[in-house]
Amino acid sequence: MITDKIKLKGEELKFLEGHDRLQYFLDQSRDTDLLDDVYKTDENKIKGCISHLWVIGEIRPDDTMRYRHDSDSHMTKGTAKVILDMVNNEHKDEVSKLDLDSFRELGINELFTMQRQIGFASLIERIIQMAK
């Protein structure tokens, strides 16, 4: 289940403090494929995010989800990767049943400023919407 993956990742992140946690997200950004510029459109941009964040998603023939993203900020890109790793390759029906509270166990929302929390919520909404 996705919520089990989220909880497990949250447990892993609890052991990282301060600089180590920030470094983890920066490292995650380096392990992300670039998104072609053709996908960097207003339609694919996450609204409310301080940085530019673009997310695309598709439902595969086996009804699993595939998401890709890019950002002009390494921190945003790394955070989005952690979130998208939770839902990539998962069945669309399971993804579509998630909500913002489903991701609380990650424990990363508390690290964000109010503006970044809005972007985080918009990202989650977009992920869920693409699965419907």
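1. Let's start with helix 2 (residues 18-30), whose buried residues are Arg21, Tyr24, Phe25, Gln28 and Ser29 (buried means under 20% relative accessible area, exposed over 50%, with a 1.4 Å probe and protein chains only; helices are DSSP runs of H or I with at least four residues, strands are E runs with at least two, numbered from the N terminus). These residues cover an arc of only 140 degrees around the axis, which puts them on the same side of helix 2 (the arc is taken from the directions from the helix axis to the C-beta atoms).

2. A word on the model: it is predicted, with local features needing pLDDT of at least 70 and side-chain atom pairs counting only at pLDDT 80 or more, while totals for chains, interfaces and linings use all residues. Residues are numbered from 1 along each chain as its sequence is written, and side-chain values use heavy atoms, leaving out hydrogens and water.

3. Back to helix 2: the face turned away from the buried side carries the exposed residues Gly18, His19 and Arg30.

4. Now the strands. Strand 1 (residues 53-59) pairs with strand 2 in the antiparallel sense over seven bridges (pairing requires at least two DSSP bridges between two strands). Tryptophan 54 has aspartate 70 of strand 2 as its bridge partner. Five residues lie between the two strands of this hairpin, and aspartate 63 in the turn has a positive phi of about 70 degrees.

5. Strand 2 (residues 65-71) is largely enclosed by the rest of the structure, because five of its seven residues are buried.
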